[in-house]
Amino acid sequence: MDLPKFRLSPNAYALDLFVAESGTCSCCGQARELKYNSSFYSREEPDYLCPWCIADGSAAKHYEGEFNDYLGIEGVSADPDEPDSIVMDRVLLLEVCERTPSYHSWQQEQWLVHCNQPCAFLGYTDYAEIQPLQAELQADIANMPERYLQAISKTGDPVGGYLFRCVKCGMHRLHTDCT
Ligand SMILES: [Zn+2]
Ligand SMILES: [Zn+2]
């Protein structure tokens, strides 16, 4: 059976977001071989979530949870009385929260946006990989000292690098964090 695709996390199966493990999905009750292995924010914690229940939104709906924090989306205002700094389609924001796997990070994960849309998360990145992208990433790295940039590694030690790409214009964006 083909695995479902995630528009905003196209490399999800190549990253550490799922583990090969036989089990019964807590949501759909099907016997599955691939278990979700990243954040899910809900009151009741499911033992096992399969990719299908993430992709079709049923896990988020059943557990009233979210994989990515709504307020972690760039431009979304934490204050309900303050307007968001970027005008975005709410359907797209909910796609990030309810139908897209999260990723592993030190701090609360952030979801970057571009062209008024949530970007796709490409994966963990490092200093060498972002070198050829410097021009595109200029706005993101402008205030980062060279020493900090050099410390970015795919394992996140000591600095985590998270590479995104705009689904509309293809421009790359970078988010970083550390312990
Ligand atoms: Zn399932
Ligand atoms: Zn763009």
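This is a predicted model: local features need pLDDT of at least 70, side-chain atom pairs count only at pLDDT 80 or more; totals for chains, interfaces and linings use all residues.
View 1. Asn68 belongs to the loop that runs between α2 (58-63) and α3 (90-99). Its relative accessibility is 1%, so Asn68 counts as buried. Leaving aside residues up to four places away in sequence, Asn68 touches Val96, Cys97, Thr100, Pro101, Ser102, Tyr103, Glu109 and Trp111.

**View 2. Protein donors of the zinc ion (ligand 1).** The SG atoms of Cys25, Cys28, Cys50 and Cys53 lie 2.3 to 2.4 Å from the zinc ion (ligand 1). The arrangement is tetrahedral because the four donor atoms subtend angles of 103 to 113 degrees. Along the chain, the donors have the spacing C-x2-C-x21-C-x2-C. Cys25 is located in the loop between β1 (18-24) and β2 (31-36), and Cys53 in helix α1 (residues 51-55), so this pair ties together parts 28 residues apart in sequence. Both Cys25 and Cys53 are buried.

**View 3. Protein donors of the zinc ion (ligand 2).** The donor spacing along the chain is H-C-x50-C-x2-C. Distant parts of the chain are linked by His114, in strand β3 (residues 113-114), and Cys169, in the loop between β7 (159-165) and β8 (172-178), 55 residues apart. With a relative accessibility of 45%, Cys169 counts as partly exposed.

Conventions:
Residues are numbered from 1 along each chain as its sequence is written. Chains are lettered from A and ligands numbered from 1 in the order in which they are written. Side-chain values use heavy atoms; hydrogens and water are left out. Donors are N, O and S atoms within 2.8 Å of the metal (3.2 Å for Na, K and Ca); water is not among the atoms, so sites may look incomplete. Four donors count as tetrahedral if all angles lie between 85 and 135 degrees; four count as square planar and six as octahedral if opposite donors are over 155 degrees apart and all others between 65 and 115; anything else is irregular. Helices (H or I, at least four residues) and strands (E, at least two) are DSSP runs, numbered from the N terminus. Buried means under 20% relative accessible area, exposed over 50%, partly exposed in between (1.4 Å probe, protein chains only). Contact means heavy atoms within 4.5 Å.
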